[in-house]
Each structure stands twice: as C-alpha cells, then as structure tokens.
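Please prepare a short briefing on the salt bridges and strand pairing of the structure below.

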Amino acid sequence: PALNAALGNVFTLVAAGNRTIAVPTNPTDGQKIVIIHYASGGADRTLALNTGAFGFRFGTDITGLTATTNAKKDYIGCIFNGVDSKWDVVAYAKGY
C-alpha cells in the first residue's frame, strides 16, 4: 500500500495477507506518522517497510518488524528526517 503523508499522520492497514508499505509520498521534515497494522483473515501477517530512497530505516534499538499476531494491532511510529531523506522508525509496540 502507498501512504500520502500530506493526508494525515495516522494510517491504518487491515491486512488479510503479508504486505510491504511503499515509500510515503509528500513528507515534511520532522513529520511524525503512526502506522497501525491489523492482522486479519485468521493468520499472523508480516509487514515490511520499503527502505529505498525516501523510505524507512531502522536504528540500533528497533532493527526490524516481526509478524503481527492474528486479530491484533501493532503500532509503528516514524519521524521523517529531511536531511537524510528517510523515515526513521522510532517506536514499535505490539499486540493490542
């Protein structure tokens, strides 16, 4: 799925399959977004974040995402770093 950062700061993805989030368009420096990933369809679901140009990057505390448990929500918090042209993944909470 594609995200347009100009349209808001909270994006919900109900996933009945494994997905990859495309690079969000129209970011602004310092913008914060939250991606809510809900696993549906009777199985755990994986979510990958595109790490290409203007994509996502992980630090040393959060190094990647794990499968979202069926019928649960995971929250991923990101901040756009305009200098490096990357969405830094700064928060990750699972199992809601």
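The count comes to 3 salt bridges, a salt bridge being a side-chain nitrogen of Lys or Arg within 4 Å of a carboxyl oxygen of Asp or Glu. The model is predicted, so local features need pLDDT of at least 70 and side-chain atom pairs count only at pLDDT 80 or more, while totals for chains, interfaces and linings use all residues. Residues are numbered from 1 along each chain as its sequence is written, and side-chain values use heavy atoms, with hydrogens and water left out.

**Salt bridges around Arg-57**

- Arg-57 and Asp-84 meet through their side chains in a salt bridge, at 2.8 Å from N to O.
- This pair links distant parts of the chain, with Arg-57 in strand E5 and Asp-84 in the loop between E6 and E7, 27 residues apart; strands (E, at least two residues) are DSSP runs, numbered from the N terminus.
- Asp-88 also forms a salt bridge with Arg-57, and the closest N and O atoms are 2.4 Å apart.
- Here the partners are 31 residues apart, Asp-88 lying in strand E7 and Arg-57 in strand E5.
- Arg-57 is partly exposed at a relative accessible area of 30%, and Asp-84 is partly exposed at 39%.
- Asp-88 counts as buried at 18% relative accessibility; buried means under 20% relative accessible area, exposed over 50%, and partly exposed in between (1.4 Å probe, protein chains only).

**Salt bridge of Asp-74 and Lys-94**

- Asp-74 forms a salt bridge with Lys-94, the closest N and O atoms being 2.7 Å apart.
- Because Asp-74 lies in strand E6 and Lys-94 in the segment after E7, the pair ties together parts 20 residues apart in sequence.
- Asp-74 counts as buried at 2% relative accessibility, whereas Lys-94 counts as partly exposed at 36%.

**Strand pairing**

- An open sheet of 5 strands runs in the order E1-E3-E6-E7-E5 with mixed pairing; two strands pair if DSSP finds at least two bridges between them.
- Strands E1 (10-15) and E5 (56-57) stand at the edges with a single partner strand each, so one side of each has no neighbour in the sheet.
- E3 (residues 32-39) and E6 (residues 73-81) pair in the antiparallel sense over 7 bridges, and His-37 stands opposite Asp-74 in E6.
- E6 and E7 (residues 86-93) pair in the antiparallel sense over 7 bridges, with Asp-88 in E7 as the bridge partner of Ile-79.
- E5 and E7 pair in the parallel sense over 2 bridges, and Arg-57 stands opposite Asp-88 in E7.

Note on methods: Helix = DSSP H or I, 4+ residues; strand = E, 2+ residues; numbered from the N terminus.
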